[in-house]
There are 2 protein chains.
Amino acid sequence: MDGSDSTVTASAQLPELDERALAALGEVGRSWAGCMPARQVWERALPVDRHLEFADPQQSRAGRFLHIRSARRGADDDELEATANAGEGDSRSGHLAYTLRRVLIGPALRSTAIAEERMGRLLALAVLSPDALSSVAYGPEAMMAVLVLAGSGELKLSLPIGLALAVLMLSVGLGYRQVIRAYPHGGGSYIVASDSLGPRWGLLAGAGLIVDYILTVAVSVASGVEAVTSAIPTLDSARVAIGLVVIVLLVAGNLRGVRDGGAAFAGPTYLFVAAIALVVIAGLVKAGSHGFHPALAAPHRAIEEVGVLLVLRAFASGATAMTGIEVISNAVPVFRPPEAKHARQTLSVMVGLLISMFVGVVLVAHFDGATPSGSQTVLSEIAHDSVGGGVAYGFVQVATALVLLVAANSAFNGFPRLLYFMARDSYVPRLFLRMGDRLAFSNGILVLAVPAAVIYAAFEGRTEPLIPLFAIGVFLAFTLAQSGMVAHWWRHRERGWRPALATNLLGAILSGAVVLIAAITKLAEGAWVVVVLVPLIIVACRRVHAHYVSAREALTPRPQAPGPDAGGSRRTTRVTPPRLRPEVSERLAEAQDDPSEVHSFAVVPVAVLDLAALHALAYAVSLAQPVLALHVSPTAEEAERFRRAWQAWGDHLPLEVVVSPFRATVAPLANYIAALHRQRPDVTLTLVVPEIVVAKRWQRILHNRIATRLRASLIAYEGIVITTVPFHLTS
Amino acid sequence: MDGSDSTVTASAQLPELDERALAALGEVGRSWAGCMPARQVWERALPVDRHLEFADPQQSRAGRFLHIRSARRGADDDELEATANAGEGDSRSGHLAYTLRRVLIGPALRSTAIAEERMGRLLALAVLSPDALSSVAYGPEAMMAVLVLAGSGELKLSLPIGLALAVLMLSVGLGYRQVIRAYPHGGGSYIVASDSLGPRWGLLAGAGLIVDYILTVAVSVASGVEAVTSAIPTLDSARVAIGLVVIVLLVAGNLRGVRDGGAAFAGPTYLFVAAIALVVIAGLVKAGSHGFHPALAAPHRAIEEVGVLLVLRAFASGATAMTGIEVISNAVPVFRPPEAKHARQTLSVMVGLLISMFVGVVLVAHFDGATPSGSQTVLSEIAHDSVGGGVAYGFVQVATALVLLVAANSAFNGFPRLLYFMARDSYVPRLFLRMGDRLAFSNGILVLAVPAAVIYAAFEGRTEPLIPLFAIGVFLAFTLAQSGMVAHWWRHRERGWRPALATNLLGAILSGAVVLIAAITKLAEGAWVVVVLVPLIIVACRRVHAHYVSAREALTPRPQAPGPDAGGSRRTTRVTPPRLRPEVSERLAEAQDDPSEVHSFAVVPVAVLDLAALHALAYAVSLAQPVLALHVSPTAEEAERFRRAWQAWGDHLPLEVVVSPFRATVAPLANYIAALHRQRPDVTLTLVVPEIVVAKRWQRILHNRIATRLRASLIAYEGIVITTVPFHLTS
């Protein structure tokens with residue numbers, strides 16, 4: 001597992017082949033050489049100019065059907081490049097959908113645009129910390145909501161518990177500084193645990209994080225809406241509707257992609273820090289004027305005895321104020337160089353802010369005698385008491401709502417990245433590897449929004465009942481990340497590993513304790529949902545993984561074992577074409593001299609040079625017609641990787657590579673094939689498409705459906721015959 | 001147009017080719033002979049036994065995948081026959097759906113079963129007359145409901161109007177006797193008008209009948225439910241729900257097919273006749289005991305002046321009592337021989353019954369002083385007054401409800417037959433030519449039920465507001481049928497044509513008058529819907545027709561015009577394969593001696609030997625592999641017809657014909673191909689499927705989608721490559 005590579009690229013779908021795989025390809029390829037003409041013969045036989053350099057006036061005319069019209073030679077002499085509008089459909093409805101898409105989410109972005117976004121420390125702090133800092137809006141209240149069950153008199157326990165939480169924050173924060181040190185390319189809990197503890201633990205962390213991200217959205221939106229309804233109580237009845245609209249807006253914004261995020265989201269963070277500072281300072285001044293005697297809290301009847309369990313529950317609830325503390329360590333590459341140093345500095349500032357704000361709010365709430373109630377948040381209550389009901393109060397509430405919105409938004413950045421890493425490790429469908437044309441992981445964004453919206457609506461937009469579900473996933477991920485770091489230091493023993501190990505060990509122990517406390521004390525309150533859900537997610541991921549592993553096993557070319565067993569299986573094991581007669585070679589050679597003798601040729605789209613593709617190529621060769629292989633890559637690097645595999649195999653057939661920098665696959669394929677067809681409409685073009693056929697219906701989502709989509713695109717062209725060569729997976 | 005052939009067969013999809021078409025096929029075929037080996041070479045080259053006579057143990061083993069297991073030689077030495085369970089899917093869900101289907105609608109029926117149903121006169125009367133006789137339940141009331149608008153005093157006008165309607169019934173009835181004489185194989189308004197007046201008038205009649213059938217269902221169900229709610233007023237609130245359930249039951253019953261209909265539906269008709277006789281006799285006896293002085297009708301405030309218009313409206317409303325009078329003339333072939341004579345006799349009896357019952361009800365209602373009201377039907381009112389409120393009353397209401405149910409059911413027989421005839425003339429999609437596996441026209445049944453249910457629900461299950469819509473369509477069809485007969489007699493002048501022409505002329509004039517009256521007087525009351533709908537239906541049918549005509553034009557093989565123009569078009573006009581080199585012939589001949597030399601062969605499913613199929617065959621031949629053409633026919637006759645076309649073309653390639661007496665097409669194809677594949681799993685089987693690609697999306701419904709469905713069925717077999725050869729229609 002290539003766990004330590006935590007860069008997100010637009011071309012993760014074609015991994016680099018190792019030497020052994022290349023050697024196997026080569027051995028398979030050698031058996032081809034004997035049974036068919038040399039590549040030069042095939043190349044000369046092609047009845048079309050595969051570089052599309054012919055002077056077709058249609059090619060340069062701006063028309064609805066010409067999406068490779070600006071097709072130009074890339075750096076490499078052999079490449080064609082698809083244009084930004086390659087994804088535009090031929091039909092009127094397709095054109096409309098395309099235009100609507102461009103208006104809503106903006107023009108398509110090149111794959112290379114992904115590297116351009118780097119942030120300074122001040123901006124990065126603003127962009128990466130809302131998740132952590134905004135937790136101050138609900139963390140203290142969650143803690144107090146437990147304590148008040150023992151009567152408002154016991155609210156004073158919030159001071160020692162708050163102090164313990166501050167220590168926890170410090171410890172975990174220091175732990176994540178070590179993560180940055182060890183994973184300077186960024187490493188979230190999933191990557192750290194996978195890398196240091198092994199894939200099983202990584203998967204556990206991943207499952208915890210999936211739950212965590214979904215709940216972050218639900219809780220942040222709920223809390224943000226509560227900040228608004230605290231100020232304007234009449235909106236309370238529309239709470240659920242407001243939240244759902246917010247989630248829809250978040251989805252729309254995130255589908256627009258990475259570029260527009262940063263700067264716009266910086267404001268709320270600093271506003272919120274200022275707001276909390278205002279409340280805390282004003283509150284402390286006011287408390288000071290009363291000689292720091294706590295005001296009498298609103299009387300609240302005790303319904304539980306105060307005891308260890310209650311204190312632990314309050315502690316676990318308050319710990320939700322720490323969500324998001326890991327964000328910076330995941331996102332090291334977004335910093336300007338030196339990335340790791342800047343990230344560490346920013347993390348320290350953030351943890352400092354978090355602790356100050358958290359402790360400040362707990363203190364002010366204590367002196368103010370604030371009590372959790374259904375109609376108003378504690379933060380709203382102390383803001384009201386500290387700064388009055390005027391503009392300052394409104395400012396605090398608006399800042400709180402905005403920062404929670406930004407925090408929910410950060411989950412929309414983190415979740416698709418997590419799925420990307422998990423997809424790279426074959427734990428979730430590969431479609432999460434694909435970036436949309438705005439470089440956003442559209443699939444991940446949608447998969448996050450739906451369950452978050454459902455949970456939000458199911459809990460009627462209330463923060464409090466969601467809190468018990470929240471702590472487990474968060475601290476599970478913390479624990480595994482910190483434990484992973486312990487294993488890392490123990491294994492590598494780099495300079496200064498002892499204090500680092502001690503820091504992470506402390507973090508791991510404290511985080512683990514919170515997981516246990518949360519699981520035990522909150523099981524009945526809803527934590528059981530998470531306790532059930534996490535194993536289910538793990539089981540599902542393992543099934544997906546098992547399928548991908550067996551699919552890779554089945555699809556990887558390897559030299560045929562000699563012996564009688566090879567032919568005994570009913571499964572078609574032949575990956576070489578039948579031996580073509582010498583006259584075929586002769587006829588193909590003649591074709592160049594008399595193109596009118598060519599009646600048909602075959603085009604084989606190849607995504608990966610696996611057995612499915614080799615079967616399709618062998619079938620195409622067996623037709624004894626000219627053959628052209630076609631590959632579409634989202635980046636030049638991936639194109640190069642494909643070309644290496646093709647060379648290793650032996651380069652037996654003409655190959656054309658189209659680079660599609662806007663990541664569309666089907667449209668450039670279809671456009672290219674249509675352009676070939678326009679050159680020689682009198683010649684039948686047979687499209688030979690490899691198609692992976694899965695054994696079970698649910699597995700369809702694990703493979704792309706390019707064959708189906710190509711068929712739909714190219715059926716419109718007369719004279720293009722579409723052939724599907726199925727490759728069956730048995731498990 | 002073959003309009004006078006009004007027999008419904010299960011194999012109308014492949015019409016007989018005329019001499020000219022056969023000659024054209026032959027000429028096209030001659031150009032094939034020069035460019036490829038003779039059929040015997042192709043035949044010997046096939047690496048499989050196409051008769052499936054090889055001793056494959058799997059073939060006889062009962063297994064989920066073996067649906068041709070009882071494949072046996074038919075009468076003709078060259079035919080295979082599919083079994084009844086050929087439609088059963090391979091998958092578990094497919095098996096479940098199949099079993100459920102068999103439980104719900106019964107086992108599949110052979111195409112030949114269609115001829116078995118013949119009825120005696122008594123049974124036929126019972127089966128064919130409910131539509132007409134049941135109209136007595138709402139016709140008189142519809143008339144009275146108009147008259148009462150001028151105050152209950154004017155209800156006495158029902159006597160002269162009723163008399164006029166009786167004359168109309170007699171005249172139209174006599175007219176339809178002539179239809180039976182001229183169309184002894186059965187001929188409804190659509191066929192008579194098409195045949196005698198021309199296709200435009202036939203289409204007008206067809207559009208009128210489509211509306212008529214839909215309204216028959218809605219009105220009959222509404223009236224039947226009203227018969228129930230008149231007796232049990234508490235059910236009135238559930239009226240709409242009850243009616244919709246009834247429609248669903250009618251659909252389910254009719255999907256079970258023709259066999260179960262007859263006898264079960266005979267009871268209600270005779271019960272209803274008896275019930276009306278009881279009411280009329282008891283009513284008249286009671287009236288006689290009062291000296292035939294009409295009782296005082298319930299006072300009703302006049303809201304309109306009595307005048308010509310009101311009388312005409314009442315007349316048009318009352319005329320709805322004549323719906324269904326044409327049914328017997330449509331269904332002559334269901335009688336035992338001599339069919340025409342029996343049908344005429346039965347029609348006379350029916351018209352006699354209809355007039356007696358109608359006049360009787362009008363009379364009794366008059367003497368009884370019955371007044372239409374919202375809460376109770378007039379029939380219920382007079383039944384109540386004549387026979388009291390006990391068992392006898394209940395019997396009348398039950399019989400009324402049942403006969404109306406049966407009347408609604410008759411529309412489910414007639415409508416799909418109408419669509420069948422219209423589909424044969426290319427006015428509606430060809431899918432209405434296809435009988436389901438129970439020999440019912442499933443598509444027509446469903447297409448009738450949906451709009452009928454929508455209209456029923458939209459009118460809240462009330463009869464009265466539906467009446468104005470009803471009369472126009474009915475009498476439009478009457479008028480056209482009678483006019484058609486006038487033209488028929490005038491043209492043919494058979495023995496005794498003069499009185500026949502006079503009869504039909506009178507019928508045509510009277511019916512036409514009703515159409516005009518209904519259209520004028522009821523336009524505002526809802527008839528405008530029909531006035532708008534009928535032209536819309538005609539326009540739609542004409543578009544469908546235009547597409548089929550141009551598709552036939554494009555698909556019909558004709559010898560290529562000599563001259564330079566033939567190759568100038570960009571459209572691929574070549575329907576001969578490219579000239580194969582001599583060595584291909586040699587190699588194919590060798591294949592027989594060394595079957596291991598054969599690496600692949602092609603199977604081409606051919607439904608009709610049109611240009612799409614010839615293109616596919618030419619493509620298959622161009623692959624220079626062994627080729628087998630495959631045809632599936634629902635009947636032996638159609639198989640024979642196909643074979644004649646194949647012979648005319650020149651019999652250039654091996655052909656296998658599978659007869660599918662249960663009318664499944666895709667399943668036998670798939671099963672046969674799978675059986676071939678099992679013989680030589682080491683040989684790649686290329687399925688070359690002709691696929692018609694339409695220019696506009698809506699036209700897809702006009703062509704079958706066998707290519708798509710075959711692909712879905714055969715993708716499960718490894719080693720079967722599926723090739724689609726598109727044939728494009730440009731309009």
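Pro605(A) has Leu630(A), in strand 3 of chain A, as its bridge partner. Strand 3 covers residues 627-633, with strands being DSSP E runs of at least two residues and helices H or I runs of at least four, numbered from the N terminus. This is a predicted model, where local features need pLDDT of at least 70, side-chain atom pairs count only at pLDDT 80 or more, and totals for chains, interfaces and linings use all residues. Residues are numbered from 1 along each chain as its sequence is written, and side-chain values leave out hydrogens and water.

**Strand 3 and its neighbours**
- Strand 2 (residues 600-605) of chain A runs parallel to strand 3 of chain A over four bridges; pairing takes at least two DSSP bridges.
- On to strand 4 (residues 655-659) of chain A: five bridges join it, also in parallel, to strand 3 of chain A, and Ser633(A) is partnered there by Val659(A).
- Seven of the seven residues of strand 3 of chain A are buried, so the rest of the structure largely encloses it (buried means under 20% relative accessible area, with a 1.4 Å probe and protein chains only).
- Val627(A), Ala629(A), His631(A) and Ser633(A) sit on one side, with Leu628(A), Leu630(A) and Val632(A) on the other.

**Nonpolar cores**
- The largest core has 148 residues, and Met422(A) is among those with the most contacts inside it; a core joins buried Ala, Val, Leu, Ile, Met, Phe, Trp, Tyr and Cys through side-chain atoms within 4.5 Å.
- Helix 10 (residues 199-231) of chain A gives this core its largest share, 16 residues.
- A second, separate core has 147 residues, including Val179(B) and Leu466(B).

Key: Chains lettered and ligands numbered in written order. Buried < 20%, exposed > 50% of the residue type's maximum accessible area, 1.4 Å probe, protein only.
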